[in-house]
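Student: Could you show me how to read a strand and its neighbours in a model? I would like the general idea, then the case at hand.

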Amino acid sequence: MTSEPTPPPVVPPLHSPKSPVWPTFPFQREGSRVWERGGVSARDLPSPLPTKRTRTYSATARASAGPVFKGVCKQFSRSQGHGFITPENGSEDIFVHVSDIEGDYVPVEGDEVTYKMCPIPPKNQKFQAVEVVLTQLAPHTPHETWSGQVVGS
């Protein structure tokens, strides 16, 4: 009996994470949490709104060069990661995403803020607040830091 050498097992080719084999929705970007987990479920789908991480450089530059507006936090949900600001001039409420809030505190209803505005694609008919800074905390209201510590009462 002659023993014939067995051929090596067939190994599928390796694919770089920088170039996925098939397109998926959302198109996964290297470095995103969705990419690192390796799978996408319905609850993992990112918001279609441009967050600080996904906004293009040109949109960020245009927003940064724009005027500063004042307003009051109408509502903000930390668990959902977004809320709304009522502009000082009384116009339509402006959407704010958690990634665009600067500073140590989670905004609550009644906080005075300053912000700049950035159009929301694809039609650029609505705006969202960016570079949001809490200028005056609402009095007699407990505030929470992003780390979870409750401050004031």
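Tutor: Happy to! Keep in mind that this is a predicted model. Let us begin with a pairing: V96 stands opposite A129 in β6.

Student: In which sense do β3 and β6 pair, and over how many bridges?

Tutor: β3 and β6 (residues 126-136) pair in the parallel sense, over two bridges.

Student: How does β2 run relative to β3, and how many bridges join them?

Tutor: β2 (residues 82-87) and β3 run antiparallel, and four bridges join them.

Student: Which way do the side chains of β3 point?

Tutor: In a regular strand, side chains alternate between the two faces of the sheet. In β3 (residues 94-97), I94 and V96 point one way, while F95 and H97 point the other way. All four residues are buried.

Student: And how should I read an aromatic pair?

Tutor: The distance of the centres and the angle of the planes describe a pair of aromatic rings. This structure holds three aromatic pairs. One of them, F84 with F95, is edge-to-face, at 5.9 Å centre to centre with 75° between the planes. Because F84 lies in β2 and F95 in β3, the pair ties together parts that are 11 residues apart in sequence.

Student: Are F84 and F95 buried or partly exposed?

Tutor: F84 counts as partly exposed because its relative accessibility is 32%. F95, at 13% relative accessibility, counts as buried.

Notes
Residues numbered from 1 in each chain as written. Predicted model: local features only at pLDDT ≥ 70, side-chain atom pairs only at ≥ 80, totals over all residues. Heavy atoms only, no water. Buried < 20%, exposed > 50% of the residue type's maximum accessible area, 1.4 Å probe, protein only. Pairing = 2+ DSSP bridges. Phe/Tyr/Trp six-rings, centres within 6.5 Å; stacked < 30°, edge-to-face > 60°.
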